[in-house]
Amino acid sequence: MKSLLATLALTTALTMPGLAMARPVTLTTTLNSYGGDGAYLAFYVTDTAGDYVGSLWMAGGKSKYYKHLTDWDRATGGSTAEINGITGASVGSGRTLEITLDLADALFDAGYTLHIDAAVEDMRDSPNEVAVPLTTAGAGTPVNGRRYVANFTYDM
Amino acid sequence: MIRSLHRWPGLLAAVLLVVVTLSGAALSVFPAAERLSAPQAEAGLSVAVLAARIQSVYPGVEQIKQSPSGKITAYWFVDGTPGSAVIDPATGEGVGSADPNPVERWLTNLHRSLFLGDGGRIAMAVGAAAMLVLAVSGALLVARRAGGWRRWFAPLRGPLSGRLHVEIARVAVVGLALSAMTALWMSAVTFELLPVTESMPAFPADVSGETGVAVGTIEPLLQTPVEDLRALNFPYPGDATDVFTLKTDQGTGYLDQGTGAVLDWADLAGSERLFETIYMLHTGQGAALLGLVLGFMALGVPVLGVTGTLVWLAGRRGRPRIPGNQAAARADTILLVGSEGGSTWGFAATLHKALSARGHSVHVAPMTGFDPARFAKAQQFVVLAATYGDGDAPSSATGFLERIAALKSAPDAPLAVLGFGDRSYPDYCGFAQQVETAAKAKGWRMLLPFDTIDRQSPQDFARWGRLLGQVLGFDLELTHEPVLPKVETLTLVSRRDYGAEMQAPTAILRFALPKVTVWQRLTGQGFARFAAGDLLGIVPKGSAIPRLYSLASDRRDGFVEIVVKRQPSGLCSAQLTQLAPGDTATGFVRPNPGFKPGKGRAPLILIGAGTGIGPLAGFIRSNKRQRAIHLFFGMRHPQNDFLYGEDLAAWQQDGQLTKLDTAISRGNKPNYVQDALRAEHAEITRLIRNGARVMVCGGRGMASGVAEAFTDILAPMGLTTLKLKTEGRYVEDVY
């Protein structure tokens, strides 16, 4: 159900033809043991021009903290409509988050970039923690995060 | 109503509140510790200069933050690796770790959610609501008990647990109410029941496109003092569209990274400021001293929980089950009980049993919710009423007076009012008296004249029972047996006899201290803890009803001493005055906290006559610190009943007794203590001005004579005996 909604959220945002084709993609995010409370993570996609396209997932339930995911917040104006139905719990220090979404084929090898913003209570906000181009060739290759994310992989 | 609003939330939330307050108290230390340990910026330092200092030490700096305590933290990247430190603003160098304190984080999570996520947050919010209800209802109860808000800090009487409960609560209640309210506010914000508008300006669409302004030269940063700084974010390296983000106490704005110009600015919204103030009041972050005070007050809650539970248990224990209680509509005799601690219920049970044995159909009910229509067959009403505080209704009688006042007409069946109280308190049986007055005002016919029972005296009760029996037309013997504490065997070690020549044999009886178990010692029960002025209950052979004697010794004296005068036809006094050393009696200790000299150096005026010297002698014997004591002692004849005569002389020599005035009532010039008091009025005035405490022990007649004398002596100072009594500076132990 969640993956269906995710597709919907992204489709409505993208408004591009040829989106009927989609495939399940697993996003695996492993956090460092940074020794704080659970991290809020925002997963979203930008296009070649760096403009916001849509959100994939929001880990963390309290919308009052979303402003700390600064790039996502700036891109969306903090609109919770962007993440309706695609939110889950925050991710604890040293833990791994694994989510499977149905993503449109058109998102791959077309210059789109997947970003993760991270924030932890009483610690430094970390926008653009991860920025990885979405390519079929890049699938399965771990990417390191800046501060809280140890590594991130997307598998198809 | 208020009482149950206090009791049930208290009992139900006790464990939760203990957790929340202990964790809160522990957390309150952190802001203060941070305030003391964090290096503070020098006055007048600008954000620009601070940022330049930090950047010269950490070129990859990307954020500078200041917490409300003044602690400055910097975050940076070196070769893609993040770093952070607490900064000394004087040098820009790191002086400590910026990682959050794991203990503080653990306590915070326990405090706000019990590690249970949103469910735990809701539980804690319910706990905060319970604490607010407890604070408000508790404050109302304290005011009612003290006799008004203006007497909030009036001295307290009664059992230790109850006094401790009020003593702590009346100081801590302000802080607890504040913490509970701010907690509820923060919960409401967390669950988005209250909006907090964020004042973020829109991200600027147009920037100069230039980069590389030196942070130390940016004009707006030069004009912002460090004390206003909350956070300064540097632009991403290599992103010409990014900006400096500055957050201060006034608001948030964006600065161009090429020109340093303000691109956009938004002031802090009102709701944001309000939330910050509430956050500060709750956490003490930015108000460390307040935080410490609130934390200290929170420490009172576990004690309040324990003492409150003890008060509740004591009330429950005292209330007996009444077997064979008849239905209200069928009963011919209605017993209405107004009880505070529960002991009056015991008397009602005794009366219920005796009347039922005589064939009456008796219904016992609390005075609250009184409605004559419920008692269709009633032939007589009996009110048994204690008093709470200064003539207020006890808990099981709330609203009774109002209900009587609201009656259209008084019931046909006549009424007897029996008051329960303690003569040594002002307004003796005040509430029962009001019931009588209100009933008479309604024209309610009286079955018996108003009567009172002093200090739960079974003898008083039996006497009143005989009067009731006469009216009802049969012999009524009321044998009230209060639930007795565990009795111990006391062995007489010595006796000193007086008064034989005057047909008034009196003896100072000294018993060996009974063995005390470890448990008794730990809990202070039995003979493990007593002092002069407490009571010794003696259960005479052939009777189940104990007689109470004032103790003339302290546990540290190593013996149990009382003064007993043989009463004509007195069962207990006869047995006691016939004891020879080695003989035994059975007894128990009953605390009498209302009759104690108290701590401190204020002078004591002790006044006693006859056997009333007992506890006073005990006070003097314990007066090793040589507090000023002036003793007035009334006796019949110095040759015959000068109780403790030799001891008093010795104590005077040792400085334990400052002055002794005696009054001799027999002989050619009869003289009573009140006469001795009047003769010494100048000295008494001086002592009272120095804060002296007056303690009176003896017969009722003597006590009222003394009170009259004091009324005259105090009048020129603008004082009254009643005023001293309410201040706890004039106490009586009369019999």
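At what angle do helix α6 and helix α8 of chain B pack, and how far apart are their axes? Before turning to them, note that this is a predicted model, in which local features need pLDDT of at least 70 and side-chain atom pairs count only at pLDDT 80 or more, while totals for chains, interfaces and linings use all residues. Residues are numbered from 1 along each chain as its sequence is written, and chains are lettered from A and ligands numbered from 1 in the order in which they are written.

**Stop 1: helix α6 of chain B and its partners**

Select residues 160–190 of chain B, which form helix α6, together with residues 270–283, which form helix α8: the two pack at an angle of about 135°, with their axes 9 Å apart. Helices (H or I, at least four residues) and strands (E, at least two) are DSSP runs, numbered from the N terminus, and axes are lines fitted to C-alpha atoms, for helices over the stretch in contact, with angles running from 0 to 180 degrees between N-to-C directions. That angle makes α6(B) oblique to α8(B), where under 35 degrees counts as roughly parallel, over 145 as roughly antiparallel, 65 to 115 as roughly perpendicular and the rest as oblique. On the α6(B) side the meeting residues include B:L178, B:W185 and B:M186, and on the α8(B) side they include B:F275 and B:Y279. Divided by type, the residues of this contact are nine nonpolar, three polar and no charged; Ala, Val, Leu, Ile, Met, Phe, Trp, Tyr, Cys and Pro count as nonpolar, Asp, Glu, Lys and Arg as charged, and the others, Gly among them, as polar.

**Stop 2: strand β23 of chain B**

Move to residues 693–698 of chain B, strand β23, where six of the six residues are buried, that is, 20 or more other C-beta atoms, placed from the backbone, lie within 10 Å of the residue's own. B:R693, B:M695 and B:C697 point one way from the strand, and B:V694, B:V696 and B:G698 the other way. Strand β20 (residues 604–609) of chain B runs parallel to β23(B) and is joined to it by five bridges, with B:L606 having B:M695 as its bridge partner. Strand β24 (residues 730–734) of chain B also pairs with β23(B) in the parallel sense over five bridges, and there B:C697 is partnered by B:D733.

**Stop 3: the sheet of chain A**

Now show chain A, whose secondary structure comes to two helices and eight strands. Five of the strands form an open sheet of mixed pairing in the order β4-β3-β2-β6-β7, a pair requiring at least two bridges found by DSSP. Strands β4 (87–88) and β7 (126–133) of chain A are its edges, each pairing on one side only. Within the sheet, β2 (residues 40–46) and β6 (residues 113–119) of chain A run antiparallel and are joined by seven bridges.

**Stop 4: where the chains meet**

Finally, display both chains: 13 residues of chain B are in contact with twelve residues of chain A, contact meaning that C-beta atoms, placed from the backbone, lie within 7 Å. On the side of chain B that touches chain A, β3 (81–88) and α4 (102–113) of chain B each supply at least two residues.

Technical notes. Two residues are in contact if their C-beta atoms, placed from the backbone, lie within 7 Å. A residue is buried if 20 or more other C-beta atoms lie within 10 Å of its own, exposed if 12 or fewer, and partly exposed in between; C-beta atoms are placed from the backbone.
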